[in-house]
Amino acid sequence: MMTTLKRPYRVNKSGAFEISARGFDVLHNPRINKGTAFASEERKALALAGLLPSAVLTIEQQTERAYELLRKQSGDLAKNRFLSALRDRNETLFFHLLGAHVVEMLPVIYTPTVGLAIQQYSHQYCRPRGIFLSIDHPEEIEEALRNAEADADDVNLIVATDAEAILGIGDWGVGGIDICVGKLDVYTVAAGIDPSRTIPVMLDVGTDRQSLLDDPLYLGYRHPRVRGEQYHAFIDKYISTALRLYPNALLHWEDFSAVNARWILNRYRSRICTFNDDIQGTGAIVVAAVMAALKISGRRMLDQRIVIFGSGTAGCGVADLIRTAMMSDGLTAEAAARRFWCVGRHGLLVEDMADLRDFQRPYARPAAEVAAWRRSGDRNVSLEEVVREIQPTILIGSSGIASAFTESIVREMAKGTPRPIILPLSNPTALAEAVPADLVRWSDGKALIATGSPFDPAIHNGVTYTIAQANNAMLFPGLGLGAIVSRARLISDGMFMAAARTIAGMVDASQIGASILPAVANVREVSVRVAIAVAEQATSEGLARVNPPDLETAIREAMWEPRYRHVKAV
């Protein structure tokens with residue numbers, strides 16, 4: 001039986017594309033186009049004679065040539081634009097190139113380079129990708145989503161943002177569509193999510209960045225961000241419409257403000273298959289890093305004293321999942337929360353602060369506990385004072401404040417624990433709370449380190465220390481794949497914990513200086529293992545609607561590979 005699509009092609013039972021287009025219309029469809037890889041018989045049938053050079057190349061040869069051109073680009077932003085243009089011509093070749101050089105390509109298509117692309121979006125705009133929904137026209141949501149040209153069963157995954165809190169660079173309005181595109185590219189490269197079954201969505205609710213509002217070339221709706229009841233109604237309508245049109249889709253949320261991210265997650269996580277990667281994905285990959293580090297140090301999760309510097313959405317999301325891990329080790333929720341000292345922009349979170357958010361309250365310390373602690377003038381308790389007072393075993397940064405983990409803070413921490421766990425997670429690289437080479441030197445090689453962005457190995461006393469990257473790309477693709485294959489009704493905390501345990505279990509840290517997380521080069525196999533664990537957990541919790549008899553085979557068969565299909569003229 002044919003799979004009939006609303007798109008300008010269909011896929012027959014043998015997996016070939018069937019298409020009525022001819023000539024340049026074939027070459028201008030990036031999903032169909034093979035360029036110089038079209039076989040002679042295809043060229044004749046599709047009216048391509050004379051439109052291509054005579055040589056017929058393999059995809060490997062095309063990839064080699066594309067990589068040579070890529071390496072000639074000056075800087076990562078230029079490489080990002082080159083790759084975007086390549087995808088506009090030939091999507092399969094684009095993904096084949098990414099997969100062939102995954103370690104080099106991930107920072108170019110995703111963090112940190114995507115942040116530069118977002119800031120330049122309106123001035124370097126070439127071709128639209130994704131669906132743009134405006135809060136000024138909610139009546140167009142259904143029409144816009146239908147324009148994705150997909151039937152109800154054809155969409156597995158939708159990534160959406162309103163771009164208020166992008167990658168530590170803040171509100172960048174309509175340019176945020178690039179974070180959704182980049183995220184979906186990572187899903188495909190890392191876990192084989194078929195790009196034809198995904199949709200990036202920009203929820204354009206305005207921007208509060210004055211430079212964008214004043215820019216005559218800005219491509220988004222030119223008004224301050226809409227908030228409150230109108231915003232909530234817009235989000236509700238987007239969700240209800242998306243799931244009515246594409247009922248099997250997993251909804252992924254990206255780079256919302258702390259308030260909106262929590263509101264959406266709390267409202268929908270127990271009702272639909274959805275998650276927020278900034279809150280839950282970040283939390284889970286950090287839990288994986290902590291679990292692996294504790295295995296090296298021989299310590300227990302429930303004994304840790306944890307300081308989190310940067311207590312917004314991401315920081316408290318990390319705390320939430322580590323707290324869950326502590327609870328699985330036997331602590332109550334309240335006792336586990338007492339193992340955290342969270343520091344925000346106004347200092348240590350204390351119960352009598354007037355501006356505490358709901359998600360911060362479980363981690364606020366009693367005022368009496370810190371009454372005698374030192375303060376700087378009329379400010380609250382600083383990070384350095386917290387470290388001095390409690391001698392933490394784990395220090396986590398999600399603040400976006402570069403160099404916040406100073407030498408004095410690290411040396412003070414190292415005095416109180418034999419193997420301090422230090423995780424400066426802020427992206428991009430320039431905003432990291434510390435440089436790993438400094439952390440290794442200040443702790444005399446004792447620190448167990450993971451960062452949010454890639455860093456070169458550090459050498460200390462003749463030992464090379466490989467720096468783990470706590471990159472969400474190691475977790476969310478496999479999570480999504482497992483949820484899709486099992487047709488999970490919800491994404492539970494248990495599924496995130498299963499993913500974290502799996503990643504931590506893949507680390508061989510017997511060698512001094514070894515990374516505490518798997519290498520990004522192995523992201524494809526990591527995603528398979530995570531997907532298996534997530535699907536098994538979904539089944540054990542009664543959340544799976546599909547239970548394949550051979551789960552690993554089902555997962556591997558579900559993974560799309562960037563290989564050319566035969567194209568048949570009809």
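Here is a chat about the strands, helices and aromatic rings of a predicted model.

Trainee: Hi! Before we start, what kind of model is this?

Mentor: Hello! This is a predicted model, so let's look at what its atoms show.

Trainee: Let's start with rings. How many aromatic pairs does the structure hold?

Mentor: There are 11 aromatic pairs in the structure. One of them is Y9 with F17: their ring centres are 5.0 Å apart and their planes are at 75°, so the pair is edge-to-face.

Trainee: And are Y9 and F17 buried or exposed?

Mentor: Both Y9 and F17 are buried.

Trainee: What sits over the ring of F17?

Mentor: The charged end of R565 does, 5.1 Å from the centre of the F17 ring.

Trainee: Nice. Which residues form an aromatic cluster?

Mentor: F94, F95 and W560 form one aromatic cluster.

Trainee: What about F340 and Y363, why is that pair called edge-to-face?

Mentor: The planes of F340 and Y363 are at 65°, with the ring centres 5.3 Å apart, so the pair is edge-to-face. A plane angle over 60 degrees is what counts as edge-to-face.

Trainee: Where in the chain are those two?

Mentor: F340 is in strand β9 (residues 340–344), while Y363 is in the loop between β10 (347–348) and α17 (383–390). The pair links distant parts of the chain, 23 residues apart. F340 has 0% relative accessibility and counts as buried, and Y363 is buried too, with a relative accessible area of 0%.

Trainee: Let's stay on β9. How many of its residues are buried?

Mentor: In β9, 5 of the 5 residues are buried, so the strand is largely enclosed by the rest of the structure. Both of its faces are covered: F340, C342 and G344 are buried on one side, and W341 and V343 on the other.

Trainee: Which strands does β9 pair with?

Mentor: Strand β8 (residues 306–309) pairs with β9 in the parallel sense over 4 bridges. β10 is joined to β9 by 2 bridges, and those two run antiparallel.

Trainee: What stands opposite V343 in β10?

Mentor: That is L348. V343 is also the bridge partner of F309.

Trainee: Remind me, what holds paired strands together?

Mentor: Strands of a sheet pair through backbone hydrogen bonds, either parallel or antiparallel.

Trainee: Back to the start of the chain. What is the strand order in the open sheet of 3 strands?

Mentor: The order is β1-β2-β17, with mixed pairing. The edge strands are β1 (10–11) and β17 (567–569), and each pairs on one side only. β1 and β2 (residues 17–19) pair in the antiparallel sense over 2 bridges, with R10 opposite E18 in β2.

Trainee: And the open sheet of 5 strands, what is its order?

Mentor: That one goes β3-β5-β4-β6-β7, with parallel pairing. β3 and β7 (274–276) stand at the edges with a single partner strand each, so one side of each has no neighbour in the sheet. From one strand to the next, the twist averages 20°.

Trainee: How many bridges join β6 to β7?

Mentor: 3 bridges join them, and the two strands run parallel. W253 stands opposite N276 in β7. Helix α14 (residues 277–297) lies across β6 and β7, running at about 75° to β7.

Trainee: Switching to helices: what span should α12 have?

Mentor: Helix α12 (residues 228–245) has 18 residues and, at 1.5 Å a residue, should span 26 Å; its end C-alpha atoms are 26 Å apart, which agrees.

Trainee: Which of its residues are buried, and what covers them?

Mentor: The buried residues of α12 include Y231, F234, D236 and Y238. Their cover includes β3 (131–134), α9 (141–146), β4 (157–161), β5 (198–204), β6 (250–253) and α13 (258–268).

Trainee: Last one: where is Y110?

Mentor: Y110 is in the loop between α6 (102–109) and α7 (113–119). Y110 is buried, with a relative accessible area of 5%.

Trainee: What is Y110 in contact with, leaving aside its neighbours within four places in sequence?

Mentor: With those neighbours left aside, its contacts are I179, G182, K183, V186, E254, N471 and F476. The C-alpha atoms of Y110 and G182 are separated by 5.2 Å, though the two are 72 residues apart along the chain.

Key:
Residues are numbered from 1 along each chain as its sequence is written. This is a predicted model: local features need pLDDT of at least 70, side-chain atom pairs count only at pLDDT 80 or more; totals for chains, interfaces and linings use all residues. Side-chain values use heavy atoms; hydrogens and water are left out. Rings of Phe, Tyr and Trp (its six-membered ring) pair if their centres lie within 6.5 Å; planes under 30 degrees apart count as stacked, over 60 as edge-to-face and the rest as tilted. Buried means under 20% relative accessible area, exposed over 50%, partly exposed in between (1.4 Å probe, protein chains only). A charge sits over a ring if NZ of Lys or CZ of Arg is within 6 Å of the ring centre and within 35 degrees of the ring normal. Two strands pair if DSSP finds at least two bridges between them. The expected span of a helix is 1.5 Å times one less than its number of residues. Contact means heavy atoms within 4.5 Å. Axes are lines fitted to C-alpha atoms, for helices over the stretch in contact, and angles run from 0 to 180 degrees between N-to-C directions.
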